[in-house]
Amino acid sequence: MSTKTAPATGRAAAPPIGWDEARSRVHAAGLAAALPVAARPLADTDGHTLAAPLTTRTDLPAFPTSSVDGWAVRGAGPWRVVGRVLAGGTPPPLTEDGTTVEIATGAMVPEGATAVLRVEESERTTDDRVTGTPRSTPEWRKPGEEAYAGEELLPAGTPIDPAVIGLAASCGLDTLPVRRAPRAALLVFGDELLTAGPPGAGRVRDALGPSVPAWLRRYGCAVGADDVTGPVVDTLPAHVDALRAALDTADLVCTTGGTMHGPVDHLHPALAALDADYVVNTVAVRPGFPMLVARVTGADGRARFVAGLPGNPQSAIVALVSLVAPLVAGLQGRSLPALPEVTLGEAVPGRGDFTHLALVRVDEVDGTAHPVRHVGSAMLRGLARAAGFAVIRPGTTGEPGARVPLVPLPLLAGERAR
Ligand SMILES: Nc1nc2c(c(=O)[nH]1)N[C@H]1C(S)=C(S)[C@@H](COP(=O)(O)OP(=O)(O)OC[C@H]3O[C@@H](n4cnc5c(N)ncnc54)[C@H](O)[C@@H]3O)O[C@H]1N2
Ligand code: MOO
């Protein structure tokens, strides 16, 4: 896979590259600059990424464990009661046929036991013996039934979620080696932008300053209120200064606007001033084609990235899902996000030689994807109803019934339920 880059010259863009190649290229660049690994306490690992395989320290379960409350018996009954074992205890062996110990759920089954009899299926005789018929299926879990000591349960690169944390704890681990969340910053370009109040008279509200950080967090980035700057004054020195300052602390700086070559579009010249290399510079995708990712090498030799999101708000989100998501996955040591397939429930037009990323909602009942309305690149109304973007390949149109990839928005459960 190519990780070839080109120096930023500040001049007009090179021909766009294909959308799939762009995803692969930024992912490879991210992986090549994957963030350092550190051990973290389990409770502090949600959202990070396993930097080594998850292996269990012991067999699971680690000892023969009763799954019911009852009697651990040896041989045939009736059984004489010789003791009791609760969860947490280590019982002595049952050495004689016809003996039993009372046992609690989760307690270690004594060596020598031949069966566990459920308490509700047992009786006490007048001479204080226990009778009953143990079920034919075992009532305890054998060591190693779930996993054997040293077994690899999850590979490096696995995103850590609450289920992974619980599994790690049950394996006897106290910390996990993780790649930390990438630190992100956002620079908003555009003198025409208002940060409060209604738009009008040539001014529009900055729709990206408040929303892009929230999307970045859903991709696993750490980004706080202080990491958002803008609108940055529309001059080249102001752009260079703002980028330099943000690159001081961030692994990834996203910018919005100024990706074209208009009179006040300073992103390309600013990247040239910072000696950046393009990983991707314009992509054959609609909307959003002027998107870019550039790499800047810090004084410490470590790569930092600038993701240039086009100013049109929907195009900025197309750039996030197309380039930022794979780049962030690479930085975390994760694989390139796989794209699920959906069946188109309606026709979706193609965009000639370009890939078309078409906003769709997904029907909750039959799972089919349907285009939403209000999807101009300057609009966000369609995005707020959509589950993601259907991918219509270059030179094709999306026919009803066709299976196509879906680039999902990083939504949480229930966010598009009605
Ligand atoms: N001569 C050409 N002009 C344009 C072309 C082209 O091919 N030739 N492509 C258009 C396309 S497509 C896009 S996308 C935009 C990309 O432009 P920039 O990234 O340079 O963005 P701006 O010019 O700064 O802004 C474009 C548009 O978006 C509005 N905007 C910007 N930031 C925000 C924000 N944070 N919140 C809300 N709206 C924002 C801005 O006011 C403009 O209306 O270039 C086209 N031009
Ligand atoms: O392609 Mo631009 O990115 O539509 O608005």
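**View 1. Strand S28 and its two partners.** Strand S24 (residues 341–344) and strand S28 (residues 403–408) run antiparallel and are joined by three bridges. Two strands are said to pair if DSSP finds at least two bridges between them; helices (H or I, at least four residues) and strands (E, at least two) are DSSP runs numbered from the N terminus. Glu-341 stands opposite Pro-405 in S28. Strand S27 (residues 388–392) is likewise joined to S28 by three bridges, and these two strands run antiparallel. Here Leu-406 in S28 is the bridge partner of Ala-390. The model is predicted: local features need pLDDT of at least 70 and side-chain atom pairs count only at pLDDT 80 or more, whereas totals for chains, interfaces and linings use all residues. Residues are numbered from 1 along each chain as its sequence is written, while chains are lettered from A and ligands numbered from 1 in the order in which they are written.

**View 2. Domains of the protein.** The domain assignment gives four entries: domain 1 (6–36 + 181–331), domain 2 (43–59 + 145–179), domain 3 (65–141) and domain 4 (341–408). These bounds come from an automatic or database domain assignment. Between the C-alpha centres of domain 2 and domain 3 the distance is 34 Å.

**View 3. Strand S14 between two pairings.** Strand S14 (residues 175–179) pairs with strand S2 (residues 37–41) in the antiparallel sense over five bridges.

**View 4. Packing of helices H1 and H6.** Helix H1 (residues 19–32) packs against helix H6 (residues 313–331) at an angle of about 30°, and their axes lie 7 Å apart. H1 is therefore roughly parallel to H6. Axes are lines fitted to C-alpha atoms, for helices over the stretch in contact, and angles run from 0 to 180 degrees between N-to-C directions; those under 35 degrees count as roughly parallel, over 145 as roughly antiparallel, 65 to 115 as roughly perpendicular and the rest as oblique. The crossing of H1 and H6 is right-handed, a term used if the near helix is turned clockwise from the far one by less than a right angle, with left-handed for anticlockwise. Residues of H1 including Trp-19, Val-26 and Leu-31 take part in the contact, and those of H6 include Leu-323, Pro-326 and Leu-331. Contact requires C-beta atoms, placed from the backbone, to lie within 7 Å.

**View 5. Two cis peptide bonds.** Most residues other than glycine have a negative phi, and most peptide bonds are trans. A cis bond joins Gly-230 to Pro-231, with omega about -5°; Pro-231 lies in strand S18 (residues 228–232). Another cis bond joins Arg-286 to Pro-287, with omega about -10°. Pro-287 is placed in the loop between strand S21 (285–286) and strand S22 (292–297).

View 6. Asp-128, which is not a glycine, has a positive phi near 65° and sits in the loop between strand S10 (122–124) and strand S11 (129–132). Asp-128 counts as exposed because it has 9 C-beta neighbours inside 10 Å. A residue is exposed if 12 or fewer other C-beta atoms, placed from the backbone, lie within 10 Å of its own, buried if 20 or more do, and partly exposed in between. Ala-201 has a positive phi of about 50° and belongs to the loop between strand S16 (193–194) and strand S17 (204–205). With 4 C-beta neighbours inside 10 Å, Ala-201 counts as exposed.

Note on methods
Contact = placed C-beta atoms within 7 Å.
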